[in-house]
Amino acid sequence: MKEQKLNAYGMAPLTAKHYFVYGMGNFASQLSWTMVSTYLSIFYTDVFGLGTGAVALLMLIAKVWDGINDPMMGMIVDNTHTRFGKFRIWLVIGTLVNSVVFVLLFHSFNLSGTALYVYVSVMYILYGMTYTVMDVPYWSWLPNLTNDPHEREKVSVIPRFFASLAGFSVSTFGLYIINYLNKAAGESNLYAEKGYTLFAIIIAVIFIVTIGITVFNVKEESTVGVSAEKTSLKQAFHVIVKNDQLLAFIGLLLTFNLCTQIAKSFAVYYFKCVCHDEYLYSIFGFAIIAEMVGLLCFPKIAAKISREKVYAFACGLPIAGFVLLGVAGYVAPQSKVLVVVCCALLFFGSGLSLGVTTCCMADVIDYGEVKFGVRNESVTCSAQTFLMKAAMAVAGGLTGIGLQIVGYNAKAAAQSAATVMGIRMLMLVIPIILAFASFGIYKKYYTLKGEKMEEITRKVNEMHEKKQTA
């Protein structure tokens with residue numbers, strides 16, 4: 001039998017199959033997530049007839065609970081020991097339960113009034129909780145696939161690429177599919193419940209199948225009999241609060257996510273009120289392809305220049321895109337070519353950011369193991385899951401509050417000059433400030449770079465070798 005070649009860090013190198021089947025698991029979960037983040041609010045207000053204030057309050061309460069719930073799930077995964085490992089078992093459970101709850105989010109059972117408000121509140125909170133059950137172990141698995149920094153740069157791209165592909169698919173074609181399903185079901189109204197429910201069922205089936213492919217094809221060692229210190233809830237929060245590099249990671253990731261989420265939330269209003277052509281928003285959504293290109297280019301760029309320089313481009317390109325979009329809003333507001341260029345700069349930078357931050361997450365886990373002596377992958381990754389939800393909730397809340405502050409009137413044929421200027425500020429200036437802040441945090445506070453990260457990797461390998469020989 002031929003001896004398997006090991007990489008410089010003592011692990012078997014990953015194959016193209018590992019890259020693909022692991023990354024594929026993130027595709028359908030992001031179909032579900034994008035469906036919820038893009039269409040759930042308008043579904044609740046325009047199909048269920050719920051008040052916008054009630055929907056905003058519900059999402060805020062759910063995100064506050066997620067701040068507690070996500071680290072709890074990380075603690076549970078880190079304390080799991082089965083013959084199937086500790087990641088795949090929760091990935092399967094979370095996927096099956098979350099798929100059911102996801103479908104129920106878009107089905108009313110003909111409830112109305114107070115009963116409907118209670119129902120959607122329970123379902124939305126359950127969706128966030130069960131998504132965490134699936135998402136935390138998925139991303140916790142990544143740092144354990146390889147400890148080679150260059151392999152991490154390559155493997156981190158694949159799940160992010162699939163996520164961007166899912167976001168592009170739902171954002172671009174979602175309403176067309178829902179409309180088709182409504183017509184096939186005999187409904188004449190686009191905003192009819194049946195089309196949304198059927199689309200949710202289709203996504204749930206794809207979700208279960210793709211996660212199945214991942215769990216059956218990606219190897220994970222059994223954790224039965226593995227001696228490890230139990231992580232308590234207090235220790236879980238301690239890991240988050242006392243890990244200075246995790247806090248820096250949270251800061252740079254949150255600011256960049258807010259930058260892009262706020263822009264996405266205000267884009268349709270910007271094109272409608274500033275450019276006087278809301279259909280330009282379709283170009284904005286289509287430009288997510290540039291994010292996928294950025295992800296594919298990330299490993300090659302990172303191999304030639306430092307990650308700090310890559311992240312400088314990741315933050316600088318969106319800033320350039322926002323500035324150009326602002327100028328175009330005055331000189332050529334309806335130019336499709338300029339919109340394409342601006343959005344390409346924004347999303348290409350976003351793709352580079354996703355590549356860098358995914359690697360950072362794995363590095364922070366290694367750093368935490370060296371600092372605390374315990375490898376809390378899932379507790380650390382739970383911070384990322386919460387940040388993703390928090391950025392979406394803040395962006396959604398800011399959209400409603402911001403539009404109210406600037407005096408936006410949905411029924412008016414044209415907005416006032418003050419309102420238009422306010423929308424320019426919300427769409428362009430705030431995201432630019434956040435992009436600058438993200439790079440500032442990365443440069444000043446995030447220190448896991450170059451020689452320091454090489455030293456951390458060496459220490460982690462020594463710790464693992466001692467455990468294996470003990």
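A residue here is called buried under 20% relative accessible area, exposed over 50% and partly exposed in between, using a 1.4 Å probe and protein chains only. This is a predicted model: local features need pLDDT of at least 70, side-chain atom pairs count only at pLDDT 80 or more, and totals for chains, interfaces and linings use all residues. Numbering runs from 1 along each chain as its sequence is written, and side-chain values use heavy atoms, leaving out hydrogens and water.

**Overall**
- The protein chain has 15 helices and 0 strands, taken as DSSP runs numbered from the N terminus (helices are H or I, at least four residues; strands are E, at least two).
- Of its 470 residues, 53% are buried.

**Aromatic pairs**
- Rings of Phe, Tyr and Trp (its six-membered ring) pair up if their centres lie within 6.5 Å; planes under 30 degrees apart are stacked, over 60 edge-to-face, and the rest tilted.
- That rule gives 23 aromatic pairs.
- Take F27 and F162: their ring centres are 6.2 Å apart and their planes sit at 70°, so they go down as edge-to-face.
- F27 is in helix α1 (residues 16–47) and F162 in helix α5 (residues 149–184), so this pair ties together parts 135 residues apart in sequence.
- F162 counts as buried at 11% relative accessibility, and F27 is buried too, at 18%.
- F43 and Y44 make a tilted pair, 6.0 Å centre to centre with 40° between the planes.
- Both F43, at 0%, and Y44, at 1%, are buried.
- One aromatic cluster includes W33, F43, Y44 and F48.
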